[in-house]
Amino acid sequence: MTLNMILVTLTASLTSQISVPVIILGAMGLVFGLILAFAAKVFAVQIDPRVEQIIGALPGANCGACGKAGCAGYADSIVHSGVEVNLCAPGGAAAASAIARIMGKESGSVTKKVAVIHCSSGGHNNTTWKYAYQGIESCVSAVNIAGGPNACSYGCIGYNDCQKACPFDAISIDANGMRCIDLEKCTGCGSCVRACPRKLIDLVPLNRNVYIKCSSQDKGPLAKQVCGSTLPCIGCGICSRKCPVQAITITNNLAAIDYAKCINCGLCATACPTGAILDLLCGTRKKAQMIDELCIGCTICAKNCPVEAISGEVKKVHKIDAEKCIGCGVCIEKCPKQAIKTAD
Amino acid sequence: MGVLGQIFVMAIGAIFIQNFVLARFLGLCPYLGVSKRLDSAFGMGMAVIFVMTMASAITFLIYKYLLVRFDIVYLSTLAFILTIAALVQFVEMVILKNAPALYKALGVYLPLITTNCAVLGVAILNITPLADGSSYNFLFATLNGFLSGVGFTFVMLAMAGIRERLALVDMPKSMHGFASGMILAGIMALAFYGFMGLKI
């Protein structure tokens, strides 16, 4: 009897003790949930599905080559501010055409570019030092002290800020402390271009292989004196005169190649008295050879040859002067009948 | 002591003497994680001030009119966590819709704050009786939340300022990043320990 009563009161008080907090907290959760569900409807923000599709099409490297803060920022500005679709350097043509499909636009052509360091100095034994720099090992900080520790105030300091900035590990340091850019890995994102405090790095189309390896604007004798690698551009202008397509201009004692005009012939590199021009194809160029059976005598090759090595009358088989030919390959590209090949 | 005096005492207490990060050791995760750059530290600080003020107000009302009323004060931690999480979610939605610029500035940090113990800390401290037995009213609880957020931001900015300069210092590799950050946090906490002697 008494036991039964105790049991009943105990159960009753237990139930009320448990049920009150359970109900209150449950109700709180329910109310909050309802409020959030309601808010999600009321404050719903329409996100353009194209933005997410474009983010999917981009490589996701967040390198900033497009000039936007990361891939998501670029995708957003393509959709909302009508930015060009072909600005992604790492994604290249594949990404550009994928985005163009999403946006229903034509993609412009993307020329792949690679970074080139316009200085042949900066290593352990090819740099002339002005003083022994002992500060933070960073180019940005070294250039601030008395115009930089190297004698040439335009040259590479060699603390590898560009290598640290490269998001694709495309820059390596060789035994002499020189930076080597792996053209396979380089995506032309421009991170190193922004990282170099001396502005020595530039993006060059991948199919152009002749580079001016100097950025010195010093006058000839001074440039020679301070350059640790003894390969300075002295601004003599010989390359400019030798160039068959007038692609080289001299400004402030420094030669610069206009890659829109350059035909990759390498004549400037052979002509340069100081060896400041690097020609990656040096020695690998093959002279052009006419396949007589295919030539229809259209004269296109002769008109395009920069060194006038091709001669012949209209509708007659043309001849290539092997002495004059520089192996630039322009005629091979231009011939409508594929009648010109490289000599073996 | 007038109301202004009380507020002044509260401000000094929340910012210096009982600073959330350096005296109560709450909210240490963002203190070390988001203090590498001054601008992101500032963004985080602003978001914390905002959430702490809102959370103080709402949790105080929940406490007074729900928990005390139904005599389930022992569930305050649970109820507060629920409230803060829902509140932050709600605020995030409202900001995203009505102030996209503010959302861009705070956006990354808002979800981080949901689980920040400093916010729960201020909610619980607001309902804890003070040394003289009295406790905060609604206005003072909200103000305490705001001032604690200011204290948090102040320390975040100081830390970020020092770490930005420290990043340029040539130090052993083993000391980079969190190692020097920890030592720095310890030294700053020691410095703030000095404020404990303040009598107002």
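Me: What makes up the contact, on the side of chain B and on that of chain A?

Reply: In this predicted model, the contact takes 16 residues from chain B and 14 residues from chain A. Two residues qualify as touching when their C-beta atoms lie within 7 Å.

Me: Which element gives the most to the side of chain B that touches chain A?

Reply: Helix 4 of chain B, residues 76–98, gives the most, with 10 residues. By class, the side of chain B that touches chain A holds 13 nonpolar residues, 1 polar residue and 2 charged residues.

Me: How do you know what length to expect of helix 4 of chain B?

Reply: The expected span is 1.5 Å times one less than the number of residues. Helix 4 of chain B has 23 residues, and the expectation is therefore 33 Å. From its first C-alpha to its last the helix reaches 32 Å, which is close to that value.

Me: Which residues in helix 4 of chain B are buried?

Reply: The buried residues of this helix include A79(B), F80(B), T83(B), L87(B) and I95(B). An α-helix has 3.6 residues a turn, so residues three or four places apart point the same way.

Me: Why is T53(B) called buried?

Reply: The term requires 20 or more other C-beta atoms within 10 Å. T53(B) has 20, and therefore it counts as buried. T53(B) is found in helix 3 of chain B. Leaving out residues up to four places away in sequence, T53(B) touches T142(B), G145(B), F146(B) and G149(B). With T142(B), the separation is 89 residues in sequence, yet 5.6 Å in space from C-alpha to C-alpha.

Me: Why is D71(B) called exposed?

Reply: The limit for this term is 12 or fewer. D71(B) has 10 other C-beta atoms within 10 Å and is therefore exposed. D71(B) lies in the loop between helix 3 and helix 4 of chain B. Phi of D71(B) is near 60°, a positive value in a residue other than glycine.

Me: What is noted about the phi of N253(A)?

Reply: N253(A) is not a glycine, although its phi is positive, at about 60°. N253(A) has its place in the loop between strand 6 (248–251) and strand 7 of chain A. With 18 C-beta neighbours inside 10 Å, N253(A) counts as partly exposed.

Me: What makes a set of residues a nonpolar core, and which residues have the most contacts inside the largest one?

Reply: The members must be buried nonpolar residues joined through C-beta atoms within 7 Å. The largest nonpolar core has 59 residues, and I201(A), I212(A), C233(A), C268(A), I277(A) and C331(A) have the most contacts inside it. Strand 1 of chain A supplies the largest share of this core, 4 residues. At least three residues of this core come from each of domain 2 (113–279) and domain 3 (288–342) of chain A. Beyond its neighbours within four places in sequence, I212(A) is in contact with residues including H118(A), C233(A), A255(A) and I277(A). A second, separate core has 47 residues, among them M44(B), A57(B), L143(B) and V155(B).

Me: How many helices and strands do the two chains have?

Reply: Chain B has 9 helices and 0 strands, while chain A has 12 helices and 12 strands. Of the 200 residues of chain B, 36% count as buried; of the 344 residues of chain A, 33% do.

Me: How do you know where confidence is lowest and where it is highest in chain B?

Reply: The pLDDT score gives the predictor's confidence in each residue, from 0 to 100. In chain B, the mean is lowest in helix 5 (residues 100–106), at 70, and highest in helix 8 (residues 138–166), at 91. Chain B averages 85, and 96% of its residues score at least 70. Where pLDDT is low, the predicted coordinates should not be read in detail. For the complex, the predictor gives an ipTM of 0.76 and a pTM of 0.51.

Conventions:
Residues numbered from 1 in each chain as written. Chains lettered and ligands numbered in written order. Predicted model: local features only at pLDDT ≥ 70, side-chain atom pairs only at ≥ 80, totals over all residues. Domains from an automatic or database assignment. Nonpolar A, V, L, I, M, F, W, Y, C, P; charged D, E, K, R; others polar.
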